[in-house]
Amino acid sequence: MTFFTLLGKEFANLRKNIGVILILFLVPLFIIFIMGYAFADDETQYSLGIINNDKDSILAQEIVKNLDDVKALEVYGFDTTKGAELAVEEGKILGYIDIPQNFEKNEEYGQAQINFVVDNTYPIKTSALKSIVEGYLEKYNEKTTAVHTAVNVGMKVNSDCKPDKLVTLATDYLSSRDNDVIEVVTKYTQTNQYQVMSSFNQTTCGMTAMFILFLCILWGSGNFLEERLEGTMTRLLVSPAGFGTIFTAKLFYIGFLAFMQFVTFFSIGHFFLNVPIGNSGLLILLNLIFIAAAAAIGLLISLIAKTRIMSIGLSFFIIMIFSPLGGLWFPLSTVPEILVNIARVLPSGAYMLAIEKIIIKQQSFFDILPNIIVIIIYFIVAWLASAVIGIKRKRTV
Amino acid sequence: MINMNELLSVQNLVKSFSENKVLNCLSFKVDKGEILGVLGPNGAGKSTMFNILSSLTSADSGNVDFSGGIIPGTKEYKKSIGIVPQDISLYNNMTVEENLKFIGKLYGIRGKKLSLKVDEIIDEVNLGVKKKDYIKNLSGGMKRRVNIAASLLHEPKLVIMDEPTVGVDPQSRVDIWKIIRNLKEKGQSVIFTSHYVDEVERLSDRVIIIKKGIVVAEGTAKQLVSKYCKNYVYILQFYSFDDNFCKELTRKINIVDIDVEGDKVKIYMDYSSNILEYIVQTAASLNLAIKNIDIKKPNLEDVFFYFNMKGDKV
Ligand SMILES: Nc1ncnc2c1ncn2[C@@H]1O[C@H](COP(=O)(O)OP(=O)(O)OP(=O)(O)O)[C@@H](O)[C@H]1O
Ligand SMILES: [Mg+2]
């Protein structure tokens, strides 16, 4: 009962601090979007290989030529599928389209197929290339484009034919068919064993972690300290509420808000930015442990700090160490091995490494266990230190 | 260990902060329905003693016994005492009512009973019109009164007040006195400290004076005065003064002390009914004209100063 009384007080006060909620929830979202776009590769050209096995087909030539004209694409011709595959593996091209033999013939029966193979190691690039190529080929299925193509094709076959007449002929011909003209069959390959973190994956996870740190350490320690400096902690401690209940309620409150941050950011990341979730149970477990550790660090700072300025300073110091070194600002895959090793022993770094294992590599609990243990160690150390200081305090209030 | 009519008994409390021995074998007791005033200079250890009584701090050694076998530090004990901290301890961004309701709930008061109790207490401290005001918008004196009200919601057997009247205007002070007297009427006991000695004298059934963490004097205000400061002070002012007056007077009557400051003379002595007659006669015999006579009855303040002046001898 007392627990809920204490919790109720915190939420009632939060209600009066709408600004805080905005900062805790909207600012991170803003940053996720901004940084997601800022770090998205600024490549303007995507390399695409083309194997044209229906060399005589005018439609195929037309498609190749038009793809070549697309500014965003850098097109390389290949003679064999093998050659294109090799180029993908070597990273020379991101994907290729394969126009089969009898393409044009099949096209006449409305069964033309184009195979599109794309490397899925780099999700952002992949989806960009995919949307360009598919979007482009899809146009052939639109009537007007199809007619236009038919006219072009017709003119090349018989240059004497009058354009007006060709249009009528082509329109009649096309409207007599109901299937799509061209079907694109997309296949993914993966050159690396795993995808790399896309920029939205990176910023969603990184900013979630950073703002959990902000909430639990900076804001959490401020909340604890406020209670002490305002003298209201005395009021709580002389009441029958009990030391344990008071602190549990506070940790629960901070933890709840942090958990809501996690849920909000990942939901938006997942539904709007294609951030994968992986095993959601593991993802929640990891975040709960991370939140617990961060809240314990916040509690410790509030006990060490004697003034508000000192608690803000200490919190910032810790967050500014944990964030870049833990890979919250830029992917750990881009930093030297030594820095990755440092990240391994930081709670933020352990979080990022574990989250990559969960959402990208789809690994199991046992794979993230080492990272979880690192975070738990921080939790235990911060709790124990807080308890020791708390007991000592009691002797010298 | 504890007497039938005793509520609290404190024995031989010792407390040091590193080298600094703040409480040094402090012992006293509080009876049921009694108001105990605690006097002591800054740093005497009053707040430290209160912190121990409210289980905020632990003593190095010593004993605290509470009536009914209630063990200090337990929930039951915390429900039996009400603490009014020296510093305001209320939530600034909550209203008077919200603060009181929240604190009431911590003590397990709920529902309709809580609303009634909160309204009753707000009336008692005379803050009905400020019920919906934020604490941060109250004056210092009003905050003090809410600070007291918050400690009375659960009707504790013992209310411990650390300087409840510091920094309040005379009207608020009178209001707070009324609250303290009301508590006594309802059978609750009160321990309070104040640096206004007159207030301690006025309110307390019994007074203890603490110095350097030890009780140096204990008794009713009257007992203390008659024991330590029985001298009246006669303050005479002359138009023109002659040293012979002192010599003459000392010869005639039994004077404890005499002080001359310019044309002012302070005579310290036991009370006797014909003293004024002697003074006037002596002055007349020396042809000295008296401008003004002031007679000061000794009070608790003098006792307090008496112990402070004694310096380190205590
Ligand atoms: N937490 C602490 N650490 C170290 N010394 C302390 C601590 N709390 C109090 N003291 C010391 O204990 C002594 C007694 O302090 P205390 O606050 O009990 O005095 P007090 O009688 O309440 O004084 P005041 O009338 O000024 O309120 C002081 O010398 C003070 O410096
Ligand atoms: Mg004090």
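Which atom of ligand 1 lies 2.6 Å from a polar side-chain atom of Thr48(B)? Keep that in mind as we start the tour. What you have open is a predicted model, with an ipTM of 0.84 and a pTM of 0.75.

**First stop: chain B.** Select chain B and colour it by pLDDT. The mean is 88, and 98% of the residues in this chain reach 70 or more.

**Second stop: ligand 1.** Now select ligand 1, which you will find between chains A and B. Show the residues around it: there are 16 of them, and the closest are Asn42(B), Gly43(B), Lys46(B), Ser47(B) and Thr48(B).

Zoom in on Thr48(B) to settle the opening question: its polar side-chain atom sits 2.6 Å from an oxygen atom of ligand 1. Next, pick Ser47(B), where a polar side-chain atom is 2.8 Å from an oxygen atom of the ligand. Then click on Ala44(B); here a backbone N or O atom is found 3.2 Å from an oxygen atom of ligand 1.

**Fourth stop: the cover.** On its own, ligand 1 has 630 Å² of accessible area, and the protein covers 66% of that. Two elements of chain B give two or more residues each to the shell: β2 (20-31) and α1 (46-53). Select α1(B) to see the largest share, three residues.

**Last stop: the make-up of the shell.** Colour the surrounding residues by type.

Conventions:
Residues are numbered from 1 along each chain as its sequence is written. Chains are lettered from A and ligands numbered from 1 in the order in which they are written. This is a predicted model: local features need pLDDT of at least 70, side-chain atom pairs count only at pLDDT 80 or more; totals for chains, interfaces and linings use all residues. Side-chain values use heavy atoms; hydrogens and water are left out. pLDDT is the predictor's confidence in each residue, from 0 to 100. A residue is near a molecule or strand if one of its heavy atoms lies within 4 Å of it. A polar contact is a pair of N or O atoms within 3.5 Å; within protein, one must be able to donate a hydrogen and the other to accept it, and residues adjacent in sequence count only if both atoms are side-chain atoms. Accessible areas come from the Shrake-Rupley method with a 1.4 Å probe; for residues, only the protein chains shown count as cover. Helices (H or I, at least four residues) and strands (E, at least two) are DSSP runs, numbered from the N terminus.
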